[in-house]
Amino acid sequence: MWLRVNDPRYTIVAGFLFILRPKLFYMAIVAPSLLASNFLRLEEECKMLNDSEADWFHLDVMDGRFVPNISYGPMIIEFMRKTTKKPFDVHLMILEPEKFAEEFKKAGADHLIVHIEACPNLHRNIQQIKSLGMKAGVAINPHTPVSFLTDVLQELDTVCLMSVNPGYGAQKFIPHSLSKIRELRKLIDNWNLPVLIEVDGGVTVENAKDIIAAGADVLVAGNTVFQSKDPKATISQLRAIEVSKAL
Ligand code: DX5
Ligand code: ZN
């Protein structure tokens with residue numbers, strides 16, 4: 001029921017809202033990136049994440065062609081799958097991801113992210129990922145405008161906004177990424193879409209608050225988590241960061 005402005009009850013409700021100043025609190029999903037883990041102790045690292053407050057596992061797949069580095073593929077992911085039931089957020093930094101989508105599904109991927117720069121038929125890639133029963137994500141590099149996503153945004157579950165150039169961990173957060181997050185947040189909110197904004201690269205305990213305040217839903221963190229003295233505590237710290245916005 002809506003109250004008219006001249007209804008005395010309107011003044012009472014407005015007065016209460018003014019005094020209480022209701023706020024919305026935002027906290028992010030935390031997705032540690034195993035790229036920064038100790039591969040010699042991969043099973044222990046996975047179990048540590050499983051026991052931690054981490055929400056997702058972020059798994060970076062690199063082919064040495066789309067990015068100048070090679071990491072790991074579906075075989076390793078299949079081994080990791082045995083250690084946890086938490087969602088696997090698989091970030092494909094590879095050319096021709098359509099050739100491998102099914103294999104990653106079989107290996108245990110829950111979300112599959114492809115790069116806009118690697119997919120001339122992006123809409124088809126998204127449909128393929130969804131038809132395989134995975135959540136579909138698209139990643140954009142630092143040089144790619146947010147506006148390039150407008151015609152596929154309604155098809156997506158996640159946008160992975162790269163805040164470093166993909167290929168390596170431990171790089172510095174590119175400050176311009178904050179305005180890209182804000183721009184994407186506006187687009188998603190204006191259209192009322194249930195798309196998550198994931199920010200990947202150079203996320204630290206220090207800059208996480210600004211990233212969430214700009215509109216991010218998911219924080220990917222590699223070195224910040226795995227190089228810290230107490231990775232579980234760092235994950236909890238990232239998860240506890242709270243940003244309030246007045247209603
Ligand atoms: C970079 C990867 C990132 C990387 C993040 O190409 O996509 O997920 O692992 O690592 P940090 O958090 O160390 O920048
Ligand atoms: Zn990544």
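User: Is Asn192 buried or exposed?
Analyst: Asn192 is exposed, because its relative accessible area is 68%; exposed means over 50% relative accessible area, buried under 20%, and partly exposed in between, with a 1.4 Å probe and protein chains only. Please note that this is a predicted model, in which local features need pLDDT of at least 70, side-chain atom pairs count only at pLDDT 80 or more, and totals for chains, interfaces and linings use all residues. Residues are numbered from 1 along each chain as its sequence is written, chains are lettered from A and ligands numbered from 1 in the order in which they are written, and side-chain values use heavy atoms, with hydrogens and water left out.

User: Where is Asn192 placed, and what is its phi?
Analyst: Asn192 is in the loop between helix 6 and strand 8. Its phi is near 55 degrees, a positive value in a residue other than glycine. Most residues other than glycine have a negative phi. Helices (H or I, at least four residues) and strands (E, at least two) are DSSP runs, numbered from the N terminus.

User: And what about Ala170, what is its phi?
Analyst: The phi of Ala170 is near 60 degrees, again positive in a residue other than glycine. Ala170 belongs to the loop between strand 7 (158-162) and helix 6 (177-190). It counts as exposed because its relative accessibility is 64%.

User: Changing topic: which residues coordinate the zinc ion (ligand 2)?
Analyst: The coordinating residues are His58 (NE2), Asp60 (OD), His91 (ND1) and Asp200 (OD), at 2.0 to 2.3 Å. Donors are N, O and S atoms within 2.8 Å of the metal (3.2 Å for Na, K and Ca); water is not among the atoms, so sites may look incomplete. Along the chain, the donors follow the spacing H-x1-D-x30-H-x108-D. Asp60 in strand 3 (residues 57-62) and His91 in strand 4 (residues 88-93) are 31 residues apart, and this pair links distant parts of the chain. Both Asp60 and His91 are buried.

User: What is the geometry of the zinc ion site?
Analyst: The site is octahedral, with angles of 70 to 171 degrees among six donor atoms. Six donors count as octahedral if opposite donors are over 155 degrees apart and all others between 65 and 115.

User: Why is strand 3 largely enclosed?
Analyst: Six of the six residues of strand 3 are buried, so the rest of the structure largely encloses it. Phe57, Leu59 and Val61 cover one side, and His58, Asp60 and Met62 the other.

User: How does strand 3 pair with strand 4?
Analyst: The two pair in the parallel sense over six bridges; strands pair if DSSP finds at least two bridges between them. Phe57 stands opposite Phe88 in strand 4.

User: Which residue of strand 9 is the bridge partner of Asp200?
Analyst: The partner of Asp200 in strand 9 is Val220. Strand 8 (residues 196-200) and strand 9 pair in the parallel sense over three bridges.

User: Finally, which residues come nearest to ligand 1?
Analyst: Of the 20 residues around ligand 1, counted when a heavy atom lies within 4 Å, Asp60, Gly167, Asp200, Gly202 and Gly222 come nearest. A polar backbone atom of Gly167 is 2.8 Å from an oxygen atom of ligand 1. An N or O atom in the side chain of Asn223 lies 2.9 Å from an oxygen atom of ligand 1. Taken alone, ligand 1 exposes 380 Å², of which the protein buries 99%; accessible areas come from the Shrake-Rupley method with a 1.4 Å probe.

Terms used
Tetrahedral: all angles 85-135°; square planar, octahedral: opposite > 155°, others 65-115°. Polar contact = N/O pair within 3.5 Å; in protein donor to acceptor, adjacent residues only side chain to side chain.
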